[in-house]
Amino acid sequence: MLKHRGFPGRLPGTDFQFVIRRENRKKGATPITRRERFRDRKPADRRADAGFLAALIQHFGDEPFVRGNLDAGRLGWLIGREVKPVGAFNPADYEQLLQVDMAAAEASFPELFATDSPPDFGWDDDGWDEGEDEDEADR
């Protein structure tokens with residue numbers, strides 16, 4: 001399983017996780033299941049979706065990327081809308097290629113593309129160290 005270095009582990013100040021620490025070798029990858037986003041979702045849930053999508057855009061742009069250690073539950077809120085599979089979709093594969101659909105992302109989350117005042121998710125305040133050694137992160 002590919003670990004995405006420099007990708008935020010969670011939305012700062014919350015328990016909304018964006019990545020998993022290690023792969024499940026017994027059962028395999030948790031399948032990505034599309035989740036419906038209803039209008040009455042809590043603001044914190046909507047902010048977590050926006051933060052995760054912003055991190056995907058910041059980290060990968062519109063280039064294809066491997067699912068790797070990205071959280072299946074968090075991807076489920078975006079899959080099929082702002083995040084599309086590349087090629088045949090295997091929801092339980094750590095090697096599945098995904099890609100951000102920038103047009104759909106801008107339509108759903110226009111605040112992420114605002115040039116005058118984009119949202120601040122506090123990535124710099126999170127204490128995330130891009131040079132952190134993998135073994136040290138698991139301690």
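In this report, contact means heavy atoms within 4.5 Å. By that rule, and not counting residues up to four places away in sequence, F65 touches L56, F60, L70, V83, Q96, L97, L98, Q99 and V100.

Before we go on, a word about the model. It is predicted, so local features need pLDDT of at least 70 and side-chain atom pairs count only at pLDDT 80 or more, while totals for chains, interfaces and linings use all residues. Residues are numbered from 1 along each chain as its sequence is written, and side-chain values use heavy atoms, with hydrogens and water left out.

**The sheet**

Helices (H or I, at least four residues) and strands (E, at least two) are DSSP runs, numbered from the N terminus. Two strands pair if DSSP finds at least two bridges between them. Here, 3 strands form an open antiparallel sheet in the order β1-β3-β2. Its edge strands are β1 and β2, each pairing on one side only. The table lists some bridge partners.

| Residue | Bridge partner in β3 |
|---|---|
| V66 | L97 |
| V83 | V100 |
| P85 | L98 |

Strand β1 (residues 65-66) is joined to β3 by 2 bridges, and strand β2 (residues 83-85) by 3 bridges. Strand β3 (residues 97-100) has L98 and V100 on a covered face, with L97 and Q99 on the uncovered one. In a regular strand the side chains alternate between the two faces of the sheet.

**The helix across it**

Helix α1 (residues 43-60) has 18 residues and reaches 25 Å from its first C-alpha to its last, close to the expected 26 Å; the expected span is 1.5 Å times one less than the number of residues. α1 lies across β1, β2 and β3, at about 100° to β3 (axes are lines fitted to C-alpha atoms, for helices over the stretch in contact, and angles run from 0 to 180 degrees between N-to-C directions). After α1 comes G61, with a positive phi near 65°.

Buried means under 20% relative accessible area, exposed over 50%, and partly exposed in between (1.4 Å probe, protein chains only). The buried residues of α1 include F52, L53, L56 and F60. Their cover includes β1, α2 (72-76), β2, β3 and α3 (102-108).

**The core**

A nonpolar core is a set of buried Ala, Val, Leu, Ile, Met, Phe, Trp, Tyr and Cys residues joined through side-chain atoms within 4.5 Å. The largest one has 28 residues, of which F7, F52, L53, L56, F65 and L70 touch the most other members. α1, α2 and β3 each supply at least two residues of this core, and the largest share, 9 residues, comes from α1.
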